[in-house]
Amino acid sequence: MERSLETQVDQAVEAWLRWVPRWEPATHRGRVAPCRRCLGSPILSAAGIGANVPHGVQHGLSTRIKSIVDHAVAEYTARNLPMLQHELDQQAERNRARSYRPTDGLAPEFDGLPLDPEPVPGAPFLFTIAGMADDASAELPPLPPLTDEAKAALRQEVALADEYANMVGREICGILLRHRLDIQAAISQHVEPQIEALLAELTQALDSPFDPDSP
């Protein structure tokens with residue numbers, strides 16, 4: 001029996017709560033481009049995760065919730081949108097034929113993030129993971145072209161799928177409101193102390209930049 005939307009959200013939040021104690025601040029240089037999945041996300045707002053929370057913590061929850069929305073939309077598409085389903089099936093078959101698929105099987109905390117770090121000026125990469133994935137995709141034949149009528153019908157079905165996704169998203173936001181206290185408590189317990197420790201360390205380094213005992 002298919003799990004209810006409420007059950008799926010409950011389980012996603014529980015999985016995120018089990019993961020949060022393992023989160024640690026990143027020590028590498030951050031990316032300049034914002035994450036389109038997390039920036040201004042109504043899902044994160046409903047969960048009570050503010051913009052001041054580190055992105056890795058945000059992303060771990062938003063990606064888990066996105067998978068629920070994607071699954072619901074996939075079922076709706078399979079039942080009601082035959083043209084869009086056909087296009088998705090063709091694309092999925094094409095993706096499976098790629099010789100290199102670096103995004104397969106990623107943990108939720110990494111799904112949707114850039115495959116490569118930001119380049120360092122003056123130090124170009126010899127190769128990139130994203131470039132290798134693009135090369136693998138370029139080796140495959142393109143999908144067959146669509147007529148103008150088929151394109152118009154496909155756009156209409158895509159709009160219906162987007163509308164359904166928005167409806168599911170609004171329902172999930174309502175469910176997440178019931179988890180706000182647990183989510184915020186986990187951030188207070190496991191995330192904020194680490195951020196405060198980093199700020200204290202930075203403050204000490206700025207106050208005593210020439211201290212011979214400093215590391």
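Start with the lining of the second largest pocket, whose residues divide into eight nonpolar, five polar and five charged. Here Ala, Val, Leu, Ile, Met, Phe, Trp, Tyr, Cys and Pro count as nonpolar, Asp, Glu, Lys and Arg as charged, and the others, Gly among them, as polar. You're looking at a predicted model, where local features need pLDDT of at least 70 and side-chain atom pairs count only at pLDDT 80 or more, while totals for chains, interfaces and linings use all residues. Residues are numbered from 1 along each chain as its sequence is written, and side-chain values use heavy atoms, leaving out hydrogens and water.

Stay with this pocket (an open set of points on a 1 Å grid over the protein atoms alone, where a 1.4 Å probe fits, with protein on both sides within 12 Å along at least five of seven lines; lining residues have an atom within 4 Å of a point). The second largest pocket has a volume of about 380 Å³. Now select Ser41, Pro42, Ile43, Lys66 and Val69: of the 18 lining residues, these are the closest to the pocket's centre. Colour helices H2 (42-47), H3 (55-80) and H6 (148-176) next, as these elements each give two or more residues to the lining. Helices are DSSP runs (H or I, at least four residues), numbered from the N terminus. H3 gives the largest share of this lining, six residues.

Next, show H1 (residues 5-19) alongside H3. Their axes come within 10 Å and cross at roughly 155°. Axes are lines fitted to C-alpha atoms over the stretch in contact, and angles run from 0 to 180 degrees between N-to-C directions. H1 and H3 are therefore roughly antiparallel (over 145 degrees). Pick out Leu5, Gln8, Val9, Ala12, Val13, Ala15, Trp16 and Trp19 in H1, which meet Gly56, Val57, Gly60, Leu61, Arg64, Ile65, Ile68 and His71 in H3; contact means heavy atoms within 4.5 Å. This contact has 11 nonpolar, four polar and one charged residue.

Keep H1 and bring in H6. How far apart are their axes, and at what angle do H1 and H6 pack? The axes are 10 Å apart and the angle is about 60°. Select Leu5, Glu6, Val9, Asp10 and Val13 of H1 with Val168, Glu171, Ile172, Ile175 and Leu176 of H6 to see the contact.

Last stop: H4 (residues 82-96) packs with H6 at about 95°, with their axes 8 Å apart. H4 and H6 are therefore roughly perpendicular (65 to 115 degrees). Click Pro82, Met83, Leu84 and Glu87 in H4, which meet H6 residues including Ala150, Ala153 and Leu154.

Methods:
Grid points are joined across faces, edges and corners, and a volume is the space filled by probe spheres set on the points. Angles under 35 degrees count as roughly parallel, over 145 as roughly antiparallel, 65 to 115 as roughly perpendicular and the rest as oblique.
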